[in-house]
Amino acid sequence: MLCSLLKLIANMNKTILHPQHIGLGAKMVNFADWEMPITYLTGLIEEHKAVRNSAGIFDVSHMAVFDFQGGDQVKFFEKIFANDIKKISSSNKALYSVLLTQDGGILDDLIIYHADDRFRLVSNCSTRKQNSAWYKKHALEFGVEVIERSDMGILAIQGPRAMEKILNMKGMHSQVGSLKPFECIFNGDALYARTGYTGEDGLELVLPNDQITGAWESALTEGCTPIGLGARDTLRLEAGLNLYGNDMTLSNHPYESNLAWTIDLNDEERDFIGKEAMLKVNQTSCQKITGVILKDRGVLRPGYEIKHENGHGVILSGTYSPTLKASIGLARVDQGYGASGEVTIRNKQLKLNFLSPRFLRQGKI
Amino acid sequence: MSEIPGDLKFLSSHEWVRIEEDGSATIGISDHAQDLLGDIVFVELPEIGKIIDAESDAAIVESVKAASDVYAPLSGEVTEVNPLLEEQPETVNSSPYTDGWFFKLAPADLGELDNLLSPEDYSDACED
């Protein structure tokens with residue numbers, strides 16, 4: 001059964017770095033119709049540790065990049081984002097937001113960058129077509145042109161030693177070293193941002209495809225470890241970061257997805273898509289996302305059912321945490337859950353504790 | 001991929017069985033399977049004394065990425081489980097054919113061995 005899985009990989013989208021991944025002995029998998037590395041030769045746990053202890057590099061060029069031209073872009077983003085673009089529209093910074101439907105369901109999550117009077121947006125791979133259509137539909141009213149940048153790739157370099165290695169990379173933009181967390185800078189069409197999805201320091205580099213291979217090779221020369229999508233998932237989960245499709249979907253609103261902080265209602269004049277639905281949410285009775293850690297042996301997986309003294313819930317993301325050496329997860333549960341509960345794994349009830357989803361801070365327990 | 005010991009027989013779902021000198025059957029998963037699963041972090045083994053049918057699920061192996069059922073190549077009664085796997089499940093990655101065995105059975109019908117794949121046929125099946 002496992003053998004045949006590998007054969008389904010044909011005619012899929014490939015990133016510019018596909019030959020490099022194959023050359024490094026990566027195991028490739030189908031991720032939303034992209035052939036992507038899930039692990040390299042040393043395996044997931046060693047890759048995970050490399051990011052926590054030193055520096056790793058990820059090819060995440062499957063993600064969708066959009067630029068914008070003309071019109072009233074600030075007004076456009078004010079309308080389509082739950083978070084308020086005005087937080088960054090006069091500085092060089094990145095902003096996290098969700099895209100909501102009129103009913104408050106989550107269409108996607110994204111990062112919008114602003115520097116040098118231009119915006120660039122990065123959103124998920126599996127929602128590319130949906131988002132492209134959504135942006136274009138709503139951009140018309142504001143005279144904004146939406147440009148999908150399929151000629152761009154993305155590298156993430158993350159870890160406590162990431163910045164040191166980045167600054168040694170060949171041809172690195174000289175001002176990258178002065179970026180503070182969430183700040184970003186353009187250099188021509190290349191964007192450098194002090195953001196990431198691992199809970200570690202580092203950069204995300206959104207580069208024209210013809211700069212990707214050079215930057216990748218240079219980062220490897222500086223000692224960055226190539227990291228697959230497998231460790232990307234364990235790293236983000238230890239940092240308590242949601243994954244679209246698991247921890248938030250069209251059927252959930254932000255208040256039940258640990259994303260209340262992304263709903264910006266400060267500007268009462270601002271009318272964004274989904275605002276009305278958000279104002280109607282009963283935040284004291286809706287379900288919430290919490291972190292969970294399994295106290296028994298085993299591994300939490302999505303879909304496992306949870307019970308606690310005042311209600312029920314379900315595991316959304318679950319894995320083995322290489323740092324904590326225990327199974328952790330994110331769960332959506334009824335409120336009033338106290339300190340501990342029970343999860344059912346293959347008809348057995350095992351004990352788990354509820355805790356903040358931020359299992360690690362700055363990569364530490 | 002390391003060489004497969006010649007005294008093993010396989011299910012196409014990647015489990016191996018070896019008939020020991022005392023007549024017991026030792027069961028584990030193949031090198032190919034551990035490689036596909038990646039870092040193994042948990043193994044759930046059957047209860048001693050449990051009666052298991054050939055090709056039914058007998059154990060669970062979990063890597064960081066996923067959980068997989070492990071099927072019994074032969075029918076029989078479970079007589080022993082590998083105590084090493086509770087604390088060091090990664091032994092399945094490092095030594096799938098020796099130290100990383102899962103459990104032993106008292107086989108009910110050695111004739112069932114004829115339904116299993118030889119190491120050569122198993123290797124061919126994996127390359128298909």
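## A tour of chain A, from strand pair to chain contact

Select residues 340-345 and 348-355 of chain A: these are strands β18 and β19, which pair in the antiparallel sense over six bridges. Two strands count as paired if DSSP finds at least two bridges between them. Strands (E, at least two residues) and helices (H or I, at least four) are DSSP runs, numbered from the N terminus. This is a predicted model, in which local features need pLDDT of at least 70 and side-chain atom pairs count only at pLDDT 80 or more, while totals for chains, interfaces and linings use all residues. Residues are numbered from 1 along each chain as its sequence is written, and chains are lettered from A and ligands numbered from 1 in the order in which they are written.

Stay on the pair and pick A:Ser340; opposite stands A:Asn353 in β19(A). In chain A, six strands close into an antiparallel barrel in the order β14-β17-β16-β15-β18-β19. On average, neighbouring strands of this sheet are turned by 40 degrees against each other, direction ignored. Axes here are lines fitted to C-alpha atoms, for helices over the stretch in contact, and angles run from 0 to 180 degrees between N-to-C directions.

Next, select α8(A). This helix packs on the sheet and touches β16 and β17 (326-333) of chain A, with a direction about 125 degrees from that of β16(A). Contact between two residues means that their C-beta atoms, placed from the backbone, lie within 7 Å.

Colour the domains next. Chain A is divided into domain 1 (2-55 + 151-238) and domain 2 (287-365), with bounds from an automatic or database domain assignment. Their C-alpha centres lie 29 Å apart. Domain 1 of chain A gives eleven residues to the contact and domain 2 of chain A gives nine. On the domain 1 side, α3 (44-53) and α8 (229-238) of chain A each give two or more residues.

Then show chain B. Here 15 residues of chain A are in contact with 14 residues of chain B. On the chain A side, α1 (2-7), α3, α8 and β16 (311-321) give two or more residues.

Last, select A:Asp84, in the loop between α4 (73-80) and β5 (93-100) of chain A. Is A:Asp84 buried or exposed? A:Asp84 counts as buried because it has 20 C-beta neighbours inside 10 Å; the cut-offs are 20 or more for buried, 12 or fewer for exposed, and partly exposed in between, with C-beta atoms placed from the backbone. Leaving out residues up to four places away in sequence, A:Asp84 touches A:Glu78, A:Asp264, A:Asn266, A:Asp267 and A:Arg270.
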